[in-house]
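User: Hey, I've got a protein open and I'm new to this. Can you walk me through it?

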Amino acid sequence: MLRALVVLLLLANAAVFAWSRGWLGEGSGTPSNGSEAAARQARQIRPQSVVILSPTSARAAAAALACLEAGPFNAAQFAVAESVLQPLLPPGSWSDVRTERAPVWIVYMGKYETPELMARKQSEVGRTKIEFEELRNAPDLEPGLALGRFESREAAERALAQYTLRGLRSARVVELVPPATSHMLRIEKAGSAVLAQATALRNDALGSGFAACADASR
């Protein structure tokens, strides 16, 4: 009985030793210091595909994919600009980035034929304590006054109703800026070849041509 117990202990010790040396197969034991790096490499998937870049190479790789854009264009201009790109750049390499511009409505007074009439109307509005501004960069409405700017005709009409209750009689609602959609031709990730080709393009349909995206720093 005692002899059998001694034999079992010897076998158990031998098994633990073999496990600790990694002799019992993959996943068993802990490799010795000398074989630890080799074991890690053996467990890698396609280790030959791992490339360590220097800081200079990393910066060059990041710069190789640049964001470029041209515009803005209206719908008709955008269609012409796209037709210029189609035979020159790979299909699908650019996108249409749209920006919607909301309209601007004003409560308007004018147009006044003389400076004296303009001054008299400014005094008239001033007595009602209603804020106003003299219009600039609106040739069809100058000289005239804007009594507030609004994003919808309905909001401007409500303001006009309030101004009428306060004594103004000659004001009306006018659309100062119509709604519009602007288009940008954007190449989101231009490789070195596309980057060189796009920035070298010179065509009136592209306006001032391609440049770095305005929001490329994000």
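Predicted model: local features only at pLDDT ≥ 70, side-chain atom pairs only at ≥ 80, totals over all residues.

User: What kind of peptide bond joins Gly 71 and Pro 72?
Analyst: A cis one, with omega at about 5°. Gly 110 and Lys 111 are also joined by a cis peptide bond, and there omega is about 5°. Lys 111 sits in the loop between S3 and H5.

User: Back to S1. Where does Glu 69 lie, and is it buried or exposed?
Analyst: Glu 69 is part of strand S1, which covers residues 66-73. Its relative accessibility is 11%, so Glu 69 counts as buried. Buried means under 20% relative accessible area, exposed means over 50%, and partly exposed is in between (1.4 Å probe, protein chains only).

User: And what does the side chain of Glu 69 reach?
Analyst: The backbone nitrogen of Ala 214, at 2.9 Å. The side chains of Glu 69 and Arg 186 also make a polar contact of 3.0 Å. A polar contact is a pair of N or O atoms within 3.5 Å; within protein, one must be able to donate a hydrogen and the other to accept it, and residues adjacent in sequence count only if both atoms are side-chain atoms. Leaving out residues up to four places away in sequence, Glu 69 touches several others, including Met 184, Phe 210 and Cys 213. Contact there means heavy atoms within 4.5 Å.

User: Which hand does the one between Cys 67 and Cys 213 have, and why?
Analyst: Left-handed, because the torsion about the S-S bond of Cys 67 and Cys 213 is about -80°. Cys 67 counts as buried at 16% relative accessibility, and Cys 213 counts as buried too, at 5%.

User: Let's zoom out. How many helices and strands are in the protein?
Analyst: There are 7 helices and 8 strands. The protein has 218 residues, and 27% of them count as buried.

User: What about sheets? What's the order of the open one?
Analyst: That sheet has 4 strands in the order S4-S5-S3-S6, with antiparallel pairing. Its edge strands are S4 (133-134) and S6 (172-177), each pairing on one side only. Helix H5 (residues 115-127) packs on the sheet, touching S3, S4 and strand S5 (144-150), and its direction makes about 40° with that of S5. For angles like that, axes are lines fitted to C-alpha atoms, for helices over the stretch in contact, and angles run from 0 to 180 degrees between N-to-C directions.

User: How many bridges do S3 and S6 have?
Analyst: Strand S3 (residues 104-110) and S6 pair over 5 bridges, in the antiparallel sense. Two strands count as paired if DSSP finds at least two bridges between them. Helix H6 (residues 153-165) lies across S3, S5 and S6, running at about 35° to S3.

User: Which residue in S6 stands opposite Val 107?
Analyst: Val 173. Val 107 lies in strand S3 and is buried, with a relative accessible area of 0%. Among the residues that Val 107 touches are Leu 147, Phe 150, Leu 160 and Tyr 163.

User: Last topic: loops. Where is Lys 129, and is it buried or exposed?
Analyst: Lys 129 lies in the loop between H5 and S4. It is exposed, with a relative accessible area of 70%. Lys 129 also has a positive phi of about 65° although it is not a glycine.

User: And what is phi for Asn 137?
Analyst: Positive, at about 60°, although Asn 137 is not a glycine. Asn 137 is in the loop between S4 and S5, and at 77% relative accessibility it counts as exposed.

Notes
Residues numbered from 1 in each chain as written. Heavy atoms only, no water. Helix = DSSP H or I, 4+ residues; strand = E, 2+ residues; numbered from the N terminus. Disulfide = S-S within 2.5 Å.
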